[in-house]
Number of protein chains: 2
Amino acid sequence: MHAEIIAVGTEILLGQIVDTNTRLVGQVLADLGIDVYYQTVVGDNEVRMRAAIDLAAKRSDLVILTGGLGPTKDDLTKQVVAAYLGKQLVEDEAAMLKIKRHFEISQRKMTANNRLQALYIEGSKPLANETGLAVGDFYQAEQGPDFMLLPGPPSELRPMLFKVALPLLKQAYRQDQILSSRVLRFFGIGESQLASQLDDLIENQTNPTIAPYAKDNEVTLRLTASAKNEQEAQALLDGLESKIAKRCGQYLYGYGDDNSLAQVVMTKLREKHLTITAAESLTGGQLQAALTSIPGASQAFMGGFVTYANYAKEKLLAIPAEVIDKHGSVSEQTAILMAEQAKQKLGADVGVSLTGVAGPDSLEGQPVGTVWIGIAYRNKDGYAQKFHFPRQRKYVQARAVLTALDLVRKELLSEN
Amino acid sequence: MHAEIIAVGTEILLGQIVDTNTRLVGQVLADLGIDVYYQTVVGDNEVRMRAAIDLAAKRSDLVILTGGLGPTKDDLTKQVVAAYLGKQLVEDEAAMLKIKRHFEISQRKMTANNRLQALYIEGSKPLANETGLAVGDFYQAEQGPDFMLLPGPPSELRPMLFKVALPLLKQAYRQDQILSSRVLRFFGIGESQLASQLDDLIENQTNPTIAPYAKDNEVTLRLTASAKNEQEAQALLDGLESKIAKRCGQYLYGYGDDNSLAQVVMTKLREKHLTITAAESLTGGQLQAALTSIPGASQAFMGGFVTYANYAKEKLLAIPAEVIDKHGSVSEQTAILMAEQAKQKLGADVGVSLTGVAGPDSLEGQPVGTVWIGIAYRNKDGYAQKFHFPRQRKYVQARAVLTALDLVRKELLSEN
């Protein structure tokens, strides 16, 4: 079964607003296991809307339209769909009552065009609008595609979609199935590298499906299984995950949509009752900001240092000027001392340091993207690793922070 | 002349990401006076992408595709458009060199599929990708519609669109006209509030056009004037800006796409040869990270303190335990001392402090969202202001940082 989404609104074509509705409807359909092959945006124009509907009806079993249900002259969706189906529009009494009461309460005169919002296509099911006045519509055809009409304002669409439309869609198309998703998160491997390592799995995916997604220096894979029950779905997901882990397990750091390297590190630190601190030069506080973005950060993080200039490294961390003069501020020696001194000054279990060349200019003869990360872990000897991230300033900084978190994560894991 | 936008990506159909590219391209075309009648999203599927291109080519003079230029098996856009046109793909030497260098420097193996990113359609103009590896494409046909191919990641699309594609589109279709844009940036006012204050201006816009855009706690307005020459365009923009400034000038902090409150503050500090430092509790380093995200930060920022726990406030800033015991860590007194101590310890001209309740739990009986910002500005007496941002943790932190920057900006301006 294939569905198609048509967003109606000239303001979307003109780029005046971002259409977030289509994305939300797309998510709901994906989770229901209903394929979407096309999404279209069309303006508030009868001829072109009709053309879009004609086309969608030819190639899809379900057409979901968003927008154009309001009271203004521009709002044509119901009328155009009714004309396509050869049906009349009829009045939803409850909706009409709500509209009348709305105008009474707000002491404004109800103009005639407002009646339009209470109309629905005869033979369809009107969908109640909890947060607005325009009713939606679900038309199940005996022949040809079904139609669903949803309002344009996201504040109206969202509750109607989840509370009214989703149960109807499940009932109509998916009584027999459970859908379950699992998100795997990877760091240290690019999207293309991951994709090429999983080439055959991605190529031959059926159930579960695999959807890679790259963002902010990391890659996620969303695995989605369809099955008769949750247990079966989980078994399918486990099977696929273990295949993936066999090939790229060293980059797999966590699970879930709302997760991050900082979250994983903080969770592990709290489990082990350890505290962390940092001394940041090129990243200027970003690592500590990432740690404190996690709720409950205070259990594992008390504070730390931003030592951007050498003066601050000397003043706040007592790094001897001679070390910096001799080896440079971007050096193994300085990185190790920064991590050790930060750890010692705050009595933390783990000290992390970052020093490097964020750019745009090179520093001490070292190219943009050079980064030293120092780690002082419990009673181990401090050490530092050199990296090179030859990109723009923001990328260098963000990548350095994630790499430091990944080093800490590996230390935390290696102990068990 | 009509254009059509096709966004390519199964992840969009599945609702995994919101497609913001189409909106941006739509804005650019609207500013160029090029009508867009349809926007389509299609998955990474050769047959359906070809169907979408066939349809678009029939009804439009210019087809702009976004996405699908990357190195994976899913990335098919170039190949499908080339096949539609009956053209070969050829290699862009400069792009190929850039890809090779990228893999050399990052010491990763370049897999064969990466070569795809350097290919463009023969007879077209390859579009340089400033922030990524995949080249874009502009194909001007003798017969039939023109094609433009742009990358999917917004961080790559945006610079290519504005710096490379827009000039080419202007030259190809709008030689008679000058288009000039000006972006106004606002902080401290919401999008709907700004829109309602400018209601009539937005409603009746023709030339210049006004496009509001809300993001990350701030709102921007992009004004675009079309005129015979730059001087005329600037005069139109000046006229509209002064109308807007009359109503909402107190929230207008700067201009331009690549700008931020941190950038404005850093520029002003450097102009005045002043240095800044910070002591951050609830924001855990975010303010300092914002300052050091600006190239050349070292001229005005040497370092600072992350004092998340009270222990760190006492240890790093010598805030007396009695002050915290008596007034609380989230208090005017603590905020002032933090700002003053940070300033003094690093010998800076400006000290900023942030202490508050980021949530999810309340602290010292104060509700989530309570924030004290302390300012120690040159030889003025230190002071602190209380704010309340009752939202989620990440919002509270981000809003606190911007509010602190705005306070510093006002201090810097008030001196002149």
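## Salt bridge and contact between chains A and B

In this predicted model, chain A and chain B share one salt bridge, the term standing for a side-chain nitrogen of Lys or Arg within 4 Å of a carboxyl oxygen of Asp or Glu. The partners are Asp199(A) and Lys73(B), whose side chains meet at 2.9 Å, N to O. Strand E2(A) gives the most to the side of chain A that touches chain B, with seven residues; helices (H or I, at least four residues) and strands (E, at least two) are DSSP runs numbered from the N terminus.

Between the two chains there are also 26 residue pairs in polar contact, both at pLDDT 80 or more; a polar contact is a pair of N or O atoms within 3.5 Å, where within protein one must be able to donate a hydrogen and the other to accept it, and residues adjacent in sequence count only if both atoms are side-chain atoms. The contact (heavy atoms within 4.5 Å) takes 69 residues from chain A and 70 residues from chain B. The chains bury about 5700 Å² between them, 60% of it on carbon and sulfur atoms, buried area being the accessible area (1.4 Å probe) that two parts lose on being put together, summed over both.

## Thr40 of chain B

Thr40(B) belongs to strand E2 of chain B, residues 35–42, and is buried at a relative accessible area of 7%, where buried means under 20%, exposed over 50% and partly exposed in between (1.4 Å probe, protein chains only). Leaving aside residues up to four places away in sequence, Thr40(B) touches Tyr38(A), Gln39(A) and Thr40(A), together with Glu4(B), Ile5(B), Ile6(B), Ala7(B) and Arg59(B).

## Helix H3 of chain A

Met49(A), Ala52(A), Ile53(A), Ala56(A) and Ala57(A) are buried in H3(A). Viewed down the helix axis, the buried residues fall within an arc of 130° and so line one face, the arc being that of the directions from the axis to the C-beta atoms. Val47(A) and Lys58(A), on the other side of H3(A), are exposed. Among the elements covering the buried residues are strands E1 (2–8) and E2 (35–42) and helix H4 (77–85) of chain A.

At the start of H3(A), a side-chain oxygen of Asn45(A) reaches to within 3.1 Å of the backbone nitrogen of Val47(A).

## Basis of the description

Residues are numbered from 1 along each chain as its sequence is written, and chains are lettered from A in the order in which they are written. Local features need pLDDT of at least 70, side-chain atom pairs count only at pLDDT 80 or more, and totals for chains, interfaces and linings use all residues, while side-chain values use heavy atoms, with hydrogens and water left out.
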